[in-house]
Structure formats: structure tokens, C-alpha cells
Amino acid sequence: MSFLEQLEKKAAEQRQKEQEQQLAREEREVFFNEVADPTIRKLFEYLKKLASHLNHLGDKREIIYRLPGYGEVSGNLKELMVRFSASDEHRQIDIVGTAELPKQPELELVGDVEVKRMQTFLREHGLQGGERLRRNSKGGVVAGTYRPSGTINVRVLIHCSIAEPELRMEFTNLHDFGRLVRLIPPEHLDDDLMDKVGRFVARVDDEFLKEDLSDEIREQLRRQLDGERRQTVKELTAADHEVVEVAERERDRMRQAESLADRFKDRLEQAKRKLIDE
């Protein structure tokens, strides 16, 4: 095959590839415009009415949170605000609200590492702890008493695009601390499933979390969550290292203080003996 023939073959393969990519994009655009877009708009109207009714009724909607070292606490979900945004290739529903955490019973955590861990957790989530520290005779923290309270930010983000037409649903601090992610094919979001989403957002039950996913969606979600989990583990590991480093610095400071106190005591004894000898 001559050089020119090689170029012609390569160019033909490239044109074929570009045509296939263009056809795939056109198919995604048709699916997005005819299925995903109407579905997410219908879901938005449902969630907007849901939030309006919930806000008007003002019923208590409980969320159970787990604080490390403390246990379970109960937060009350307050008013929800629902927004919709759209661009040429993206659609998004954004629901924001807060959960009020009233003052909890007192609990004592023993050990400087547990205390630092609680301090870090409360700080990251913007909560108050009503902290009272107990120190030893040398000033080191040996325990801390806490009564967690405050406001927890709650968010639901639902997104789809031409490139990724599945409805990606992210629930932050709506079911314990942290984030839950679900991928729902828009053609699967019928009235029954939409009702399960609404009941989950309203904190009536967790039936939505039991919804069965196809193998393809499970694998796609697994890949996305694996990447997010690695990043989360990295961040948590860094936070744990920070707690340990703070505790080690505190112990080093106490050892230095003890050393200074010992040297001062030795010098004082030397001065006393000198005065006695004189």
C-alpha cells in the first residue's frame, strides 16, 4: 500500500469515527429533549408543590444524625426552598433547607484524641458543642463534656445533561451526615418512583433507597462513587492526621513544661542549699 493510500485509509476511518460520534450525539440530544428534559421538569413541579405544602403545614420532620463518639441525635427539618435552572445542555433542581438540632443531653468524652475529633467534627459541620474541658494538674486535656446543638445545612441536587441524561440525585445531610447519590434513568421515573422521592425528601420513609437499579446503572454509580470515596478517605485521613498531630503537639508542650518545671525546681533547691551553707 502506497503512502497516499495509507493516508486515504486513515482519513476514511477518521471520517467514519466522526460520523458515528455525531450520530451518537444527535441520539443523545433527541433523548435529552424528548425524555430527560420533560421528566426533570415534571419532577421539579412535583417537588415545588411538595415543598410548598410541607412548609405550610410545618409538621415535624425528623432526621437522625450520628455524631462520632456521641451517638444518635435528632434534627428537625425546616422549610425547604426549590429552584430550577437550565442551560443549553444541562438541567438542574436545587433544594436547600436546614435541620435544627436542639441541645442534646450532656456526654463526656475521655481522652485528648476523642476530644480533638469531636472538636473537628463540630467545626466542619458548623455546630456548637457547649464544650467544657477537664484538665489534669499539668494543664493537659483529659476529657470534654458536650451538648451538641445548632443548624445543619441540608441540600438535594438533581442534575441531568445531554452527555449524562440519567438523573443524578445527591442528598446531603438528609439521611445522616454526608452525601447519598442515586442515578435514575429518566424513563424509569414514573409516578410511583416520584412519590418515593417525595416521601424520602419529606423524611417520611426510606423506601426510595431500596429502589432496584439496573446492572449498568449500578456499575456507573460504583465507578463515580469509588472516585468520590477515595477523595473522601483522603480528606478524612488528613483530618485524622491533624487530630493526632494536635494531640502530639499538646503532649510535647506538656513535656517541655514539665522539663522547665524540673529545671526550675533544681535551681530552687540549689539556691536554698547555697543560702543554708552561707
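Six aromatic pairs turn up in the structure, a pair being two rings of Phe, Tyr or Trp (its six-membered ring) with centres within 6.5 Å. Planes under 30 degrees apart count as stacked, over 60 as edge-to-face, and the rest as tilted. The model is a predicted one, where local features need pLDDT of at least 70, side-chain atom pairs count only at pLDDT 80 or more, and totals for chains, interfaces and linings use all residues. Residues are numbered from 1 along each chain as its sequence is written, and side-chain values use heavy atoms, with hydrogens and water left out.

One of the pairs joins phenylalanine 44 to phenylalanine 84; it is tilted, at 5.2 Å centre to centre and 40 degrees between the planes. This pair ties together distant parts of the chain, since phenylalanine 44 sits in helix α1 and phenylalanine 84, 40 residues away, in strand β2 (residues 71–86). Helices (H or I, at least four residues) and strands (E, at least two) are DSSP runs, numbered from the N terminus. Phenylalanine 44 is buried at 12% relative accessible area, while phenylalanine 84, at 24%, is partly exposed. Here buried means under 20%, exposed over 50%, and partly exposed in between (1.4 Å probe, protein chains only).

Another tilted pair, phenylalanine 200 with phenylalanine 208, has its centres 5.9 Å apart and its planes at 40 degrees. Both of these phenylalanines are buried. As for clusters, Tyr65, Phe121 and Phe177 make up one aromatic cluster.

Phenylalanine 3 lies in helix α1 (residues 3–57), and it counts as exposed because its relative accessibility is 61%.
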